Structures are given as C-alpha cells and as structure tokens.
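Subject: A structure for you to explore

Hi there,

Here is the structure I promised to send you. Have a look around first, and then read on for what I found.

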Amino acid sequence: MSAAAPERAELPDWLSGPLSPERLLCDWASLHRQFVAYAESLGFPADTARRCATEACYALLGREDWKPEDFVRAGFESLRDTLERFAPAPEGVVGGRDRFLFWRLWRAALAHAGSPDEVRKAVEHGRLSLPPAPTPPLARASFVPNRLVRSGLFWRIEDGRNTPPSRRSYARERRGKPWTRVARRRRAVLLSLVFLPTLVATNFMLDVLPQRGATYLELAIALFFGALFGWISVGFWTAVTGFFLLLRKADRFAVLRDVPEEGPLPSPEARTAVVMPVCEEPPARVFAALRTMERSLRRLGAADRFDFFVLSDTADPARWLDEEFAWFRWRLSEGLPEGVFYRRRRARVERKSGNIADFCRRWGGRYRYMVVLDADSLMAGETLLRLVRAMEANPRVGMIQTAPRAFGRRSLFGRIQQFGSRLYGPVFAAGLHFWELGDGHYWGHNAIIRLEPFLRFCGLPRLPGEPPLGGEILSHDFVEAALMGRAGWEIWLAYDAEGTYEEVPSSLLEEMQRDRRWCQGNLQHLRLLFARGVFGAHRALFLNGAMAYVSAALWFVFLVLSSAEAIWQVLREPDYFPHGRSLFPEWPVWRPDWAVALVFVTAAILFLPKVLALALVFVRGRSRDFGGAAKLVGSALLESVFSALLAPIRMVFHTRFVLGNLFGKSTGWRSQRREDAETSWTEALTRHGGDTLLATVWGAGLLWLNPEFFWWLTPVLGALLFSVPLSVWASRVRWGETARRLGLFLVPEETRPPALLRDFELELRREEEAGRRLPGGVEGAVADPLRSAVHAVLRRNPRSLAPRLRERREELLRRALAGGPAALEPRELSMLLRYPRMVEALHRSLWEVLRPEESPWFRGAGLASAHGREIAVEGALGP
C-alpha cells in the first residue's frame, strides 16, 4: 500500500510567464500518460500514479538544463525521485548497484505482501530480502563418480572414494536381514515358474510346426517364441502374486506397514529437499504442483521441515524468464515462504542426472533426505511426511520408491492409458514388491533418497565408448539403485503409498518420443549386466528394462520368420523322403488345432492379469470409483481392444529404436509435452506412413502366396494399416471428453477427487490465468518494469568483461534496440539476458523514448499502447 501523496506546491513563477517554443511543442499529454502507465505497472493506484506523473512533469519543466531531445530521459529520472517519496523503503534493504532497480522490487512487496509494517517485519525475521535470494547458502558435499575398470571380459565398478571395505561390511550386514532369505526363495520359485512352462511351450511350438523343428528356420521360430513366452510369463506371475498379496491385505515386509499416516513431525535435523529438475517445461504446471505441495505441508505444520528447489536446465529464453517470474510471484503471493528456491544452470551437462548431481554438490550438506520429482509429479504433504518417518524408522533403507498414479489427462489416448495404469498398476506394483523386497526399483521420481549413502556411493560412471551405447548414462535411476544396493543399502517399493501422482503422455507419438530415449538408456544397462559387484536382483532389473524394448524386436523377428516359413511351405517342392528311398514317406503335418490351443494359452497369459485386477476391484467393492460395475467392465473391454490395436504399432516403433541404437544412431532429449498435445494428420502420416506401407506390402504378399496364414496375421497387419487414423483420433481431446461424459475410462481421482488434486487444479488455473495476463515472451519480460527488475536482480554480478567482450555485448544491445528480439539469434539473446546491466539498460532505453509502443519489443509483448496498459503485474501476482 502506498503512502499518501504530498500536496502539490504552488506553481513556480516561471510557469506564469510565457513558455519557450520547444516546451510548448512537446507532447506533454503523451509523456504524462507514459509516466502514469509506468507507475501503475509497479502496483500504484491510478490516482497515485497520476500524481506521481504530474509531479515528474512539473519537476521537468522547472529544470534549467532541459533539452527537447532528451526530455523523456530527464522526465524518468524525475519520476524515479518522485516515486521514492511515495513509498520509501527502510534503510538497509534497498541498495546495491542500482537503487531504482531494487526499489521496483520493494514496490512489489508493498503491493502484494501487505502493509509496509508487515513487509518490514518480514525483513527483520529474514523472510524477505531484496534482492531476493534464489538459492540458500552453499553447504557443499562431495559427490564423486564411480569408475568402470576392465576386469577380464567384464567390467568392475570401483568406488570413486576407494572405500570398498565399508561397502563389504554393509553387504554382510544386509545378508543377515530376514527379508534377504525370503527373497532368495521367492526368486528361485519365480525362475521355476517361468523356466519350466517356457520349455514346455517351446517344445509344443516345435510340434505345431510342419517339419517339427527339423529346419533352421523352424528352430529359430521356436527359439524366438520361447524367449517371448518366458518374457510374458514374468509379467503373468508378477500380476498373480500381486493379486493375492493385495487380496490378503497383510504384508509383513511392507516398508510403510508400521509407519502411521498421522504422527509426530520429523525432527528438525531430518530436513528434506524436494527437488524438481525441469527443462523446457510449462512453468504454470511446474509451479502449480510445487505450490500445492507446499500448501499441503503448511496445513500440516511441517513446511519448515522441507525446502523446495526448482532446478532448471531450460535454454529457451522466454520460458526461462517465465520460470524466474513464476518463482518470484510464488514468493510474494504466498506470504513470503521460506525454503522456496530456484536455480538455472548455465552448464547443462548430463541432463537430469547432472542437474541432481549439481544440487548434491552445492547443497547436499544441508539435508538428510531428498525427494526427487519429475515435472509432472505431485505428492501430498501426508505422503511426504510418511516417507520421511519411514526413513527415520529404517536407518538401513537408502531409497523408498512410491508407485505414482496417473491423473489429469483429457485426450482419448491419455484417458485410456490413465485408466489402464490405475486399474492394473496396483496389481503389478504389489507383485514387483513381492519378488524384489529390499532390492527394489528406483524410477527416478516420486521417491525419497537418503543423501549420505547417495552422495557416497551413487556417482554415475561414464560408459566406455561413444553414444548411443557409451558415454553418459541416460536412464540413471536403475544404475543409482544398483550402486546403492551394492553398497548394502535397501531399496523398497512402497506400492501401497497414497497421495502420489504423475501424468502419462497424451498421445501415441508423445509416448514413442519418450520411449525412444528410454530405449537407449535401458540398452546401455546391458553394458553393466555382468559388471562385478552388482547384486543379482539388480542384474535382473537391468535385463528386464532392456527386454521391455528388445522383446518388441523379438516379436517382430518372430512374425517375419513365421511369414517366411509360410511362404517357404508354398514355394518349395515337398520332400517326402528326406532320408533317402523308403517305403514310408514323411508327410509334413500342419496341426491348426494345436496352433489354436497355443494361441489361447498365450492370450490367457497376456489377459488373465487384467481379469485379476478387475476381480480385485469387485472384491474390494470399489467398482463405483470407476463409474460403476457396467461402466468398469465396458471400459476394461475397450481398453483391452485398444491395447491390442496399439501393440503392433508399438512393436514396429520399438524395433526401430533398438536397431537404431545397435547401429549407432543416438537419440536427442526433447522434453515431454505436458499439455494435451493433439496429433495432426501431417505428423501422423510422417511418423506412421512407413508402417502402413510395410503392412500393405506384407499383407498383399501373404494373401497372394499363403491366404491361410494371412488370416492368422490379420490383427497385426490391420493395426499397422490403420495406424495413421488411430494415432490421430486417439489424440483428440473431444473424444476423451465424450468418453468421460459416457462414464468410460473413469478413475477414482475423477469420481472422488482428493483434496490435493482439487487444490492442484485450482492452482493450475490461477497460474495459467496469471500467465495470460503477463506481457508476452522475452519482449514482455524486458519491457515490463517489475519483470525486468526480477531478472536483473536474480542474475549475479558478472565479472569484469574484457573490452572486446564488452563491445560485443554493446553491439548486441544496439541490434536488440533497433530490431527487437527477432534481430538476435537465440544464442545471442541468451547471452544478452545473462548480463543484468544489459537487461536494465535495454529496459530503460525502451521506456526513455516518447512513444515506446512503437518499438518491436512492445508490439511483441502485446502492448498496443503504453497508456492504460493492463499488463498489471498486480493482476499477474494475484489478489
């Protein structure tokens, strides 16, 4: 709130006489409107802004050294002096290299954090500092990468700190745990359940083939079939054990079993950092989630036990500036909370894992635990507290991974995937826990980590060779879990944790974009499969992760070999006496009834887990959470059909990814689009057109040469043939909304939304509305008085530049002023924005002209006129 404006003094004597022609010809009305707009953008009421502008104009008229060509600049100097009289800041708060720069931030605090007394009190208690502190004081910790050393045919992982004795002692202690003996027995049972039926099925497949495996082609078909049968058997038995585990409702090894949902707060020493690495993510989504989580903790009285970090690797200048201002708005509009930090790396090395490592090295000494999130993650305050309590109660646990639930999608594809994840996910998560126990997964997000062993043992080694199978490890999470496990620490999957959420891709092509980089990362794990020092359970996880994509290539090769066998049976002349003359010919036998039986067995293994998950919902009486019994069954049937149609399309994509990586084609790392991104027909034709052509040629050849086998392959070829319209229609939001109105693909988070998700949706709408009120892009961030001040203050004072570099920056500044941001390359624009003095000089130069709205910066920001403009930082900050 602003202090009352002083009464205007009597007009000076020189105003009663004649004015010079220069002063009479000046556009005083435009200058006055421009000053009013500037003052209003800083949060002043309209009447106060007009008084400030009038005072500035009178002061300008009274200057003796006034010149027509620079009266705007002189007027702004007078305006700054006038504005400071209306709301003086306390001593010691405003200062530094530019008093007016910091004073603009002080005005924002006065306008949006209460009265001046409240703001001064916040300063005294250390909750507000101007310039604002984007990061806490450094508390450095050592985080040394491990090394890979050649040991015979395989690799050996050596601790970066050279501390193998302590690691061995931890491993001995771990072997004495009761769960390790149970885990060994369970895994032996799993191997038997997978291996023995696979042998039987493979032998049965040999009997189905016409030559009974007598040819190399048929032998290859049987081997590929056996590998695929064993792979799907793992998923089948995982779902079966998960079903019975959830049905029994008792698990003596559940890590959260003895941890109450409500209890005393963790000790102040058990401080936890909630870190969210982001890269080119929508700032509204990121900060809405974090603000919701911080409010949830505040309601529980536990906000002082947690610090929130946004760790940005964003390169796009516009999104980078939006992130900064979203953080600043959070800081002002939420009562100036402590523990809310933002950092953007300049050296963006090793992607997400490098971002986390950088955080650990800078602030790892401040915290006992770290909760890692993705940009689409959301966790309830109760869940965060329960995870901390679980870590405190189990000092040998290094990681606890939750099983996040999908939410928030509107497209048809996203809703179907969301429904399937919500319905079948709990069964598979419980089954994974049953087999893994303390050698569990780490998926890289929605998990809590004990920092001391993470810093000591989990530095990622660099793989020998070049990408895609060498270099930096992309899928870092599995490797970090293996490194912590080899040091004797336990990793548990909290499959029963509530209040943990994530989003799924909104379209098939978005999912494939994500899977492309996951495929490369998981194939890299095969380099560590036989690395010495890694426990067998984590070797199995490495193999399981790679098989998620290699299995697609195996399936594709199996279909190709089967088609080749069918064509060969037609083209070759039968040999009824393969062993020479005989009275009894050997007839090739084709047993379609056996083949049908084998298909039904395979289908049962694939679909029975879905039936068990569906039965579990009815047993628990939770069908209403999915829209009712009829809607649930209908949705499950439609999801199964949809999954069957998408399976061949995913198969072809994953096969290309695997072959591309094996032949040295590395992938990029484009951030996933968090919004509902609809696929265009052009994009679908580009990405699926080759698959459609392949299916057409493949099907036509089979129909001509072997029509009987063609009908066996129809489900696969038909899905590929219609992949373009299927991909487009599934991405449509209107089809997803229609399905929701019909009660299809509903999840409990929609029928009975928890308070956390309601708060998040409200916060997201507020963030998006605030973003729409802001002036657009880089132009608005530079032209707006408050946003430019925020950016200039958050950038550290640069070191002195050499004359040549200073001239280069000044040349960029001149080009930017003349032609707007379009006159600079993105790299040049980022270079200019890195220097706060340049940003402030650019801002002043834009406003210190008579008609700034004619500048390309103002036009690009959507500011048609400097007079009466509603870029209202006040509106952007919220009420």
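Let's begin with glutamate 392. Apart from neighbours within four places in sequence, glutamate 392 is in contact with Ser267, Ala270, Arg368 and Tyr369. Please keep in mind that this is a predicted model. You can find glutamate 392 in helix 14, which covers residues 381–393. Is this residue buried or exposed, or something in between? Glutamate 392 is partly exposed, because its relative accessible area is 33%, and partly exposed covers the range between the buried limit of 20% and the exposed limit of 50%.

Now for the whole protein. It has 35 helices and twelve strands, and 55% of its 879 residues count as buried. If you take the contacts between residues at least 6 apart in sequence, 81% of them join residues at least 24 apart. The protein exposes about 38,600 Å², and carbon and sulfur atoms supply 58% of that area.

Next, turn to the surface. Which residues gather in a patch of positive charge there? They are Arg181, Arg184, Arg185, Arg248, Arg252 and Arg257. Helix 9 (residues 178–208) gives the largest share of this patch, with three residues. Arginine 184 sits in helix 9, and it counts as partly exposed because its relative accessibility is 49%, where exposed would need over 50%.

Finally, here are some backbone details to look up.

- The peptide bond from proline 467 to proline 468 is cis, and its omega is near 10°. Proline 468 belongs to the loop between helix 16 (451–457) and helix 17 (476–486).
- Glutamate 350 is not a glycine, yet its phi is positive, near 60°. This glutamate 350 is in the loop between strand 5 (340–344) and helix 13 (351–363), and it is partly exposed, with a relative accessible area of 39%.
- Asparagine 446 also has a positive phi, of about 55°, without being a glycine. Its loop runs between helix 15 (412–436) and strand 10 (447–450). Asparagine 446 is buried, because its relative accessible area is 0%, and buried means under 20%.

Enjoy exploring, and write back with any questions!

Best wishes

How values were computed. Residues are numbered from 1 along each chain as its sequence is written. This is a predicted model: local features need pLDDT of at least 70, side-chain atom pairs count only at pLDDT 80 or more; totals for chains, interfaces and linings use all residues. Side-chain values use heavy atoms; hydrogens and water are left out. Helices (H or I, at least four residues) and strands (E, at least two) are DSSP runs, numbered from the N terminus. Buried means under 20% relative accessible area, exposed over 50%, partly exposed in between (1.4 Å probe, protein chains only). Contact means heavy atoms within 4.5 Å. Accessible areas come from the Shrake-Rupley method with a 1.4 Å probe; for residues, only the protein chains shown count as cover. Patches are made of residues with over 30% relative accessible area and no salt bridge: like charges are joined within 9 Å, nonpolar side chains (Val, Leu, Ile, Met, Phe, Trp, Tyr) within 5 Å. A salt bridge is a side-chain nitrogen of Lys or Arg within 4 Å of a carboxyl oxygen of Asp or Glu. Lys and Arg count as positive and Asp and Glu as negative; His and the chain ends are not counted. The place of a charge is taken as NZ of Lys, CZ of Arg, CG of Asp or CD of Glu.
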